[in-house]
Amino acid sequence: MEFTNLLTHIVADDSLHARWLNTLSMMENTGARKISAAEPKTTVDLLMLKHAAEEARHAYYLKKQIQKVAETDCPTYEPAFLLAPNDSHAYLNRLDVQVCRYLKDTLGFAGAELKYAAYLLVTYAIEVRADELYPVYQDVLTESGSKVNVRSIIVEEEGHLAEMLRQMETFFGDWQGHAERAVAIETGLYTAWLTSLLATEKIIAGKEN
Ligand SMILES: [Fe+2]
Ligand SMILES: [Fe+2]
């Protein structure tokens, strides 16, 4: 099923839509916490603080949007309130683990250097995904006349992608090969996540009454 179709199914069903928003919120929050955890204690700069703050805002903003679609709330990130809970929870950690392994194996990084390099590549891959996913989601929301909107997130994610590109250039110099590898790892995990979304919710044709 095409991603647009999947989202159209989700947005048309308040309960699914609420859990989709909660799932995105949880993933944004995981991202915010990962950025904070990667911050060097004394030398963290304005850009990294801004990024952590904006990802935390995305988590809050998406959670607030749930009030616009469903009477039933999704109060926590517990499995019952998420879509594909296991894969959604694990996605970012798996990406982090696999990117770290790549950096250790190919560049021999360790310690603070590994932590920062992994932050750059993991965040870059996520921004590439966010820049693809949120505009498709916004189109579906607009098309269906939903009160939910994610335009402010799209603007900030575009800014993040540009910032990550600049930081990768500074850190790696020759960054393209590493970035491509991170995107390839992310694509594998994203595809598995989508499959899991479809399977757990039986959104594949026939779910409608
Ligand atoms: Fe975000
Ligand atoms: Fe971002």
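User: Which residues in α5 do H17, W20, L21, L24, E28, I35, A37 and A38 in α2 meet?

Analyst: Happy to start there, with a predicted model in which local features need pLDDT of at least 70, side-chain atom pairs count only at pLDDT 80 or more, and totals for chains, interfaces and linings use all residues. Residues are numbered from 1 along each chain as its sequence is written, chains are lettered from A and ligands numbered from 1 in the order in which they are written, and side-chain values use heavy atoms, with hydrogens and water left out. Taking contact as heavy atoms within 4.5 Å, the α5 partners are K115, Y119, L133, Y134, Y137 and L141.

User: Are α2 and α5 roughly parallel or antiparallel?

Analyst: Their axes, lines fitted to C-alpha atoms over the stretch in contact, with angles running from 0 to 180 degrees between N-to-C directions, come within 11 Å and cross at roughly 160 degrees. Angles over 145 degrees count as roughly antiparallel. The two helices are therefore roughly antiparallel.

User: Which residues supply the protein donors of the iron ion (ligand 1)?

Analyst: Donors are N, O and S atoms within 2.8 Å of the metal (3.2 Å for Na, K and Ca), and with water not among the atoms, sites may look incomplete. Here the donors lie 2.0 to 2.6 Å from the iron ion (ligand 1). They come from E28, E55, H58 and E157.

User: Which residue coordinates both iron ions?

Analyst: Ligand 1 and ligand 2, each an iron ion, are 3.7 Å apart. The residue coordinating both is E55.

Conventions: Helices (H or I, at least four residues) and strands (E, at least two) are DSSP runs, numbered from the N terminus. Angles under 35 degrees count as roughly parallel, over 145 as roughly antiparallel, 65 to 115 as roughly perpendicular and the rest as oblique.
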